[in-house]
Every structure is written in C-alpha cells, then in structure tokens.
Amino acid sequence: MGKALLRPDRRGYFGPYGGRYVPETLMAPLDELARGYDRWSRKRTFRKELRELLTHYAGRPTPLYFAARLTEKLGGGAIYLKREDLLHTGAHKLNNAIGQALLAKTMGKKRVIAETGAGQHGVASATAAALLGLECTVYMGVEDMRRQRLNVDRMKLLGAEVTPVDAGSRTLKDAINEALRDWVTTVRDSHYILGSVLGPDPYPRMVRDFHRIIGEEARRQLKNQAGTASPNLAVACVGGGSNSIGLFTAFLDDKRIRFVGVEAGGTGKALGEHAARFSGGRLGVLHGTRTLLLQDEEGQIATTHSVSAGLDYPAIGPEHVMLHDAGRIEYVSVTDAEAIEAFHLLASTEGILPALESAHALAYVKKIAPKLSKKHVILVNLSGRGDKDVESVLAYDAACREAEEDAETARVRTHPAVLGWSAPKTAGEGEKK
C-alpha cells in the first residue's frame, strides 16, 4: 500500500488529485525544478551535504520523548512525542527549507521566495537563506503578522524582507498568491520555497520527501525505546499537511497502524468558522493543484478560521485526499477551545509549550488515549514549539475569563433577589399556628 502510493504519476497526480494548474509562464520553471529535483536528490554528494546540514546545523535527529506524566494523567495508551519543536528554529519546517534552499543554490539560483502563515516556514526559509548566502523575500498576511509578531521580527533579524499582504483574508492563502506572482516575474534567478505538500508538481512530493526523515527517525527510536517500530496509533495536525505526511509516510506500509490527521474545527461547523476540509470541502483547484478545498455555493474560496495561524488554509495537500479516499488515513477536527485546553495540559504535565498547531493533535489524543489499552503505543508529532503562540493563548484565556465574568454579572443582575422579587411561599407558610 505505502510504496504504491508514495509516487504520483508522471503528470504529478496522486490518483485524481494534484497536477499542475498554473499559468503558461510557470510551466517551464516547474519543469526545470522537477528535473533538478529528480536529478540532484539522487546524487550522493547532494544527499551527503543535506544530511550534514540537518545533523550538524539543524540538530537532527530530534528526540522521541515518552510523555510519562501526560500518559499517567490521561490513562490508557503510552504517549510518545516526536520532538520537532526542538529542531533549530523551533519547528519541522526547517527540514524542507534547508532541502529546497540547497537545491536552489545547486541549480544556480540567487534568491528564494517564501510564504508563511504561522511564521515558522518564513523563519525557516530566512534561516536557510542566510546559511547558504541567498537573498530572501517572505510574503505574510497582515492578520498573521499581527498574531505572529515574534516570528516577523525573527525573519527580519535573519536578513529577510518581509512583505505584508493586505488582500483577501490577509492570511496564508493570500500570501501564497503574492509569492506565486513574484515567482512568475523572477523565475530566472529565484526559487519559490513552498512550505507545505501543496501547489503544482513537484512540490507535494518534494516537500514530503524532505520531511520523511521525521517518520524514519521515529521508527528507529520507537524500536529502541518502546520495543516496537510500529505504533498502534500515529497522530499529527494537518494544515497543508507537511508535518503529518512527513511522519506518516515512513509507516504507510504497515497496515496495522491507525493514522489520524487532525484539522482545525475552529469555533463552529458553519462555513467560515473552521478550516476542516474533510467536513464540507469540495473538489477544486487552488494554488496550482487539484484537491479538496472549502468553497461557498458559487465555488468561491471560503474564508476560514482557526486559533492557530498555521491551520487556517482552505485546502489540503493532494496526497492527503488520495490517502483519505483509500481509507488509509482518518481525518478529524478539534475546536479552538479543545486545542487551547490541550496546550495547557501539556504545559502543566510535561513542561512543554506546544505550537497551537500541534495542540490540535494533542487535543485528539486527550480524547482517545483513555479509551485505549495501556499496551497501545501512541505516536504524536509535536511539530513546533509554542513560543510564537503565547500571546494568542493569553489573549484567548483573557477573553474566556471576561466572557465568564460577564455571564456571572448578568446572572447576578437577573437573580430574583436583585430584581426585588420574593420567593413564592410554600403551602401554609406565614399562617399563624
């Protein structure tokens, strides 16, 4: 199953999903990129240089950590966290950013372009560019810039030009639009480092391949630490889908494993209140690929919502949709409130602040772990650290407290005693004895 699904066809399709839906001006650059990737990714010298950078600069392998106190708190299955939050720059995004930046330099490019939502891919791209001596421009929606001010500052300190995008929803979707427009006019000297398993071929397979190291390491580490190379359950959050496909791909040949991808359930089920593509999404084309996406009745791209800036993208990687259709991966969603609760749970039990993206995966584990046997092994990809989300979490908590205080005030003000009402007398009350 796994090996049969791992490669798209020669046109870049995973079954009916994927392909290249781009302007004619991008067809030649995509052909060049596909040829370059297929050539250089097989070269021993390229693989050796990439491996050395990931080991000695990025900090791979990242640890696999048995979350003993969290496991005890929830009861049931043993929870292991793949600590991508400990990778340099604080998230899994650096695997792909270094891989693509090295490829770009090898192909003779002088500049890289990137988009970012939560900011981690932007930081990773700026980092890789600085490391390899490339110019870097990062496009970011102004709403995401507001939520992720720390990462904006980090990108600038690393020497990147951060270009705000004030169009549309002012989030990741719109940042990708602007990055693609830039690339159309600068293809001769620039490479676009797309940050997830999205976009036209070869991006979905290329980004997945650069992240496959996550699952490959986890297999070896589980064997050493848990006595098995195969977890019973593997869980990861799913925005575009890079961290999840990076974890899952290395295990897909094992049919005994259950895979769960966790989407952003936001604040409700209505269109515009969430970013759960498998809950109401329809087939369409966005950013060069045919995939599942959230659309309104007229086929326009719907607005999305998530407390996590990295999960509010309206579409999902084409390979994910194929794996869903094949029944290989289940997709669920959790709400903003559940993700925030999971954030606090991991902080209080393990002393780890997870990214709000990763907190969505943990929120699902919080639900399912107590229902599993203690012999079950649960593997969770902790895709990033939560420094960037502290302000968002504190603001959410403050808003919740304010809402509770308002509700309590309203309850007190409408209490019968406050309104001057007297309680109804019971039978015989007040009669003379």
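**View 1. Residues around the largest cavity.** Two or more lining residues come from each of strand 5 (111-116), helix 6 (120-132), helix 9 (172-186) and helix 12 (242-248). A cavity is a set of points on a 1 Å grid over the protein atoms alone where a 1.4 Å probe fits but cannot get out, and lining residues have an atom within 4 Å of a point. Helices (H or I, at least four residues) and strands (E, at least two) are DSSP runs numbered from the N terminus. This is a predicted model, in which local features need pLDDT of at least 70, side-chain atom pairs count only at pLDDT 80 or more, and totals for chains, interfaces and linings use all residues. Residues are numbered from 1 along each chain as its sequence is written, and side-chain values use heavy atoms, with hydrogens and water left out.

**View 2. Space and lining classes of the largest cavity.** The largest cavity holds about 330 Å³ of space, a volume being the space filled by probe spheres set on grid points joined across faces, edges and corners. Its lining comprises ten nonpolar, 16 polar and four charged residues (nonpolar: Ala, Val, Leu, Ile, Met, Phe, Trp, Tyr, Cys and Pro; charged: Asp, Glu, Lys and Arg; polar: the others, Gly among them).

**View 3. The second largest cavity.** This cavity has a volume of about 70 Å³. Its lining includes Pro29, Met107 and Trp183. Helix 2 (24-40) supplies the largest share, three residues.

Terms used:
1 Å grid on protein atoms, 1.4 Å probe; cavity = no way out; pocket = protein on both sides within 12 Å on 5 of 7 lines; lining within 4 Å.
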